[in-house]
Every structure is written in C-alpha cells, then in structure tokens.
Amino acid sequence: MLQTARAVLEKDFRIELRTRDAISAALVFSILVLVVFNFALDVNTPEMRRLAAGFFWVAFAFAGTLALDRSFALEKESGAGRALALAPVDAGGIYLGKCAANAAFLFITQLVALPLFVIFFDVSIQRAGALAASFALGSIAFAAVGTLFSAVAANTRMRGLLLPILFLPLSVPALIASVETTSFALGNAEGPSFWFTLLVVYDVVFLTASVLVFEYVLEES
Amino acid sequence: MSRCKFAIFIDSMLFITMAAAMAMIFLYAPIESEMGIVQKIFYVHVPLAWNAFLGFAMVFYYSFRYLSTRNPRYDRRALSAAEVGVLFTTLVLITGPIWAKPVWGIWWTWDARLTLTLVLWLIYIGYLMLRRYIESPERRAVLAAVVGITGFIDVPLVYFAIRWWRTQHPQPVIAGGEGSGLDPAMAATLWVSVAAFTFLFLALFGRRLDVEVERSRRETERDAAEAAHAQGVRT
Amino acid sequence: MSWLIAAYSAVLLGIFFFVMRIRRLRRGLTPRDDRRSPRR
C-alpha cells in the first residue's frame with residue numbers, strides 16, 4: 001500500500017514540477033482573496049489584526065478547492081483515472097498518494113503566501129513551531145476530505161463545481177481548528193491544546209474513512 | 001401486500017398521534033410563564049429536529065448497507081431518508097428563528113445546536129445535488145453512499161468544534177434553554193408530539209420510497225422490453 | 001400569537017410541498033412510460 005502511495009505521490013510531484021498548475025493557481029487565488037478582503041473590510045486596525053488567521057484560512061479554504069479539483073480533473077482528462085482503477089494495486093494506496101501530494105501542495109502554497117500575509121495584515125509570528133504544526137495539520141485535514149470529494153466530483157456532470165458544495169460543509173471543524181491554532185501561533189488566542197487534538201482526530205478519522213471507501217469511488221471512474 | 005398493510009398502520013397511527021398531539025399542545029399543555037404562547041412552537045420544532053437527525057442516521061446506515069451488499073433497494077431508502085431529512089431540517093431552520101425572535105430578540109445565534117443543524121442541512125443539500133448530476137444509476141448510488149457515510153462521520157466533529165468554539169467566544173446569553181426543568185405536562189405533550197412526528201416521518205419516507213420502487217420497476221421492465229425488441233430485430 | 005401561527009403554517013406548507021412533490025413524481029412516472037413507443 002505504501003509503495004503504491006509513493007509511486008502516485010512521485011507521479012503527482014513530477015507533473016506539478018513540470019506544470020506548476022495547482023500551486024500557482026491556489027497561490028494567485030489566495031492572494032486575490034486577501035487583497036479583496038483588504039478592500040471589502042478595512043483590515044489595518046488592531047481589531048482586524050486579531051482576526052487575521054480567519055482571513056488567511058478562508059482564503060485557503062477557497063484556494064484549496066482549486067488545487068484539489070485539479071487533482072482528479074487531471075486524471076479524468078487523460079483517462080488516467082481508469083488506468084489507476086484497473087491497475088492491480090490497492091485503492092487505499094492510490095488515495096494516500098494523491099492525498100499526500102495534495103497536502104504537500106497546500107502546505108507549500110501556504111508557506112509561499114505566508115510572507116505576503118504577514119506584510120498585508122501586519123501580524124507577527126509569536127510561535128513558529130505552532131504555526132508550522134497548524135499549517136501542516138490543516139493542510140492534511142483539507143487534503144484528506146478534499147481528495148476523496150475531488151474524486152467524487154470528477155465523476156459528475158458538474159465536475160469541479162460540485163467540489164466546494166460537498167467539501168466546505170464537511171471541513172467546518174477543520175477550518176475552525178486551523179483558524180484557532182494559527183491564531184494561537186500569532187499570539188491572538190489561548191488554549192490551543194483542544195484545537196490541535198481536534199485537528200489530529202479529524203485527520204485520522206477522515207484519512208481512515210477515505211482509505212476504506214476509496215476503492216468504491218475509484219471503480220466508478 | 002404487507003407493505004400496504006404496514007402503510008395503513010403507519011397512516012392510522014399518524015392520524016391518531018397527530019390529533020392527540022395537537023389537542024395536547026393547544027388544550028392540555030400549560031402556557032409557559034416567561035415566553036408565553038410562542039413557546040408552543042417548541043412542540044413541533046424539537047420533534048422535527050430529532051426526526052431529521054434520525055433521517056440522516058438512516059442515510060448513513062443504508063449507504064453502508066448499499067456499499068456492502070450492492071442491493072439498489074438500500075440506495076432507494078437512503079435517497080428517501082435524505083429527502084425527508086432535508087425537508088425536516090428546513091422546517092427546523094424556519095421554525096427556529098420564528099421562535100427565537102420574539103423570545104430572545106434575535107433571529108439567529110451561532111449556538112452549537114443551531115449551527116450543527118445548518119451544517120447538516122448544507123451537507124445533505126450537497127448529497128441531493130450530487131445525485132442530480134450523475135446519470136448512471138449504479139455510479140450515482142456508490143458515490144452518494146460515500147458522501148452519505150463521510151457526511152455523517154463529520155457530525156460529532158462539527159458538534160464538538162462548535163461547542164468548544166462557543167465556550168471561547170462570548171455569545172449572547174440565552175436564558176431558559178430547552179429541557180431546563182420541563183413541566184411534566186409539557187414533557188408528556190412533547191413525547192406525544194415526538195411520536196406523531198416520527199409517524200409523519202415514516203409515512204413521508206414510505207410514500208417517497210414507493211415512488212422510487214415503482215420507478216425502478218418500470219425501468220427494469222422497459223430495459224427488458226428493449227432488450228427483447230433488440231433481440232427481435234437482430235434475428 | 002402571530003409568531004405561533006407563522007411557525008405552524010410554515011410546517012404545514014413544508015409538508016404540503018413535499019406531498020405535492022411526491023404526487024408530481026408519481027404522475028411523472030405513469031404517462032411518460034405509456035407514451036413511450038417501442039422504437040428505442
């Protein structure tokens with residue numbers, strides 16, 4: 001299973017290195033959302049600075065759907081999805097590989113967007129370790145549900161349009177926990193242990209559930 | 001024709017319990033001292049919410065059964081339960097603010113139960129939308145079952161996240177939440193009403209399911225006729 | 001009192017809508033099938 005996962009992960013990384021589609025789209029989109037927030041609300045006040053983590057994760061929740069949608073739209077376009085389904089390998093492994101690739105893309109996008117975010121919102125990073133953990137666990141949470149639903153949405157007539165509709169309501173706990181932990185890392189919130197635990201539980205629950213059901217999704221592609 | 005007998009049983013129970021519930025709500029249950037007569041919304045709001053939740057639990061159960069057996073009958077049941085569940089959740093979300101406005105002075109508060117109801121509504125709207133956009137019946141059933149299962153797994157996580165979030169962020173204080181020392185007459189009325197709405201749920205679920213059963217029966221008949229016709233053309 | 005009437009009528013309307021939807025679905029099943037010629 002892990003071997004399959006690694007092969008899929010390597011394949012997705014190679015595609016991403018050549019095209020840079022997912023990361024650049026998500027990055028540009030998240031910067032756009034941050035800029036739009038700046039116009040919609042006057043963000044350079046102390047009260048708004050306290051809410052900076054919220055703006056950041058909202059930008060990512062939407063930008064993430066772009067990268068996640070791409071993940072299986074790509075397989076669908078080239079007919080590679082069917083090839084993956086026919087390959088005599090474990091479906092759970094394919095899921096884990098795709099999920100790891102997506103989580104890595106989201107994480108990289110966040111790291112690249114972080115300096116811009118710090119400049120735009122004038123925030124200071126108080127706890128770098130907590131920030132890294134928040135980004136990593138949050139990326140895994142979004143990728144865990146997003147990868148599964150990207151595969152589901154790719155098999156419908158609506159394609160990518162259905163992904164945010166299915167994915168955003170389910171990611172509510174992950175979004176709240178990510179905002180709270182990032183807020184803690186920026187020195188704007190206390191008591192992060194519950195939220196870190198919730199993120200870990202969310203990751204474990206959805207990774208396990210997705211590994212178990214992914215074979216059903218894959219055979220329909 | 002056991003289904004027919006069962007339907008008659010459900011319908012008659014629905015009629016009896018609903019009449020009893022309405023009589024108890026308006027004639028027997030005392031008028032609440034603080035909220036006044038508006039509090040009687042409670043007797044439809046709460047049973048609707050509980051049965052909506054029952055509906056989504058049924059979606060989870062039948063989705064699971066579908067994936068393990070691949071019997072389309074479970075898919076039809078999951079669909080029917082989801083539709084009635086969404087209807088009931090919609091009614092909960094409509095009656096809730098109508099009750100909250102005169103009593104608390106606000107239409108909406110991001111309280112754990114309210115928010116969970118709203119998120120559930122969005123998840124199952126997504127479930128029903130997904131079903132509309134897949135043509136192949138088998139693919140529709142499988143993908144919907146996957147969403148039905150993961151959507152329900154999310155419920156406790158959403159609940160705990162919002163509950164904890166609420167304790168950290170100041171919220172409007174709401175006095176006299178549900179169940180805080182319910183008067184015995186009110187409790188009795190609530191239970192009869194819960195029974196009535198459970199029968200309403202089962203009756204609507206059964207009617208909706210009948211349509212699906214009929215639809216698939218006609219589809220298989222037509223497919224068989226078409227296959228026979230094609231065979232006739234070929235020979 | 002008007003709040004109470006509003007809430008109860010909303011519930012009634014919702015259930016009425018759903019029952020009408022079931023009837024529409026059932027009606028949609030019958031004639032279309034009978035009209036269908038065996039050409040396809």
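1. Two residues are in contact if their C-beta atoms, placed from the backbone, lie within 7 Å. By that rule 2 pairs of chains are in contact, and chains A and B share the most contacts. Chain A and chain C do not touch, their nearest C-alpha atoms being 22 Å apart.

2. This is a predicted model, in which local features need pLDDT of at least 70 and side-chain atom pairs count only at pLDDT 80 or more, while totals for chains, interfaces and linings use all residues. Residues are numbered from 1 along each chain as its sequence is written, and chains are lettered from A and ligands numbered from 1 in the order in which they are written.

3. On the contact of chain B with chain C: 23 residues of chain B meet 17 residues of chain C. Two or more residues each come from helix 3 (72-104) and helix 6 (184-234) of chain B; helices here are DSSP runs (H or I, at least four residues), numbered from the N terminus. Helix 6 of chain B gives the most to this side, with 10 residues. By class, the chain B side has 13 nonpolar, 3 polar and 7 charged residues. Ala, Val, Leu, Ile, Met, Phe, Trp, Tyr, Cys and Pro count as nonpolar, Asp, Glu, Lys and Arg as charged, and the others, Gly among them, as polar.

4. Within chain A, helix 7 (residues 128-154) packs with helix 9 (residues 172-185) at an angle of about 170°, their axes 8 Å apart. Helix 7 of chain A is therefore roughly antiparallel to helix 9 of chain A (an angle over 145 degrees). Axes are lines fitted to C-alpha atoms over the stretch in contact, and angles run from 0 to 180 degrees between N-to-C directions.

5. The residues where these two helices meet include A:Ala130, A:Leu131 and A:Phe142 in helix 7 of chain A, and A:Ala174, A:Phe184 and A:Ala185 in helix 9 of chain A. The contact has 7 nonpolar, 5 polar and no charged residues.

6. Most residues other than glycine have a negative phi. Phi of A:Asp122 is near 55°, a positive value, and A:Asp122 sits in the loop between helix 6 (91-121) and helix 7 of chain A. Phi of B:Arg70 is near 60°, also positive; B:Arg70 lies in the loop between helix 2 (42-69) and helix 3 of chain B.

7. B:Arg70 is partly exposed, with 14. A residue is buried if 20 or more other C-beta atoms lie within 10 Å of its own, exposed if 12 or fewer, and partly exposed in between.

Technical notes. Angles under 35 degrees count as roughly parallel, over 145 as roughly antiparallel, 65 to 115 as roughly perpendicular and the rest as oblique.
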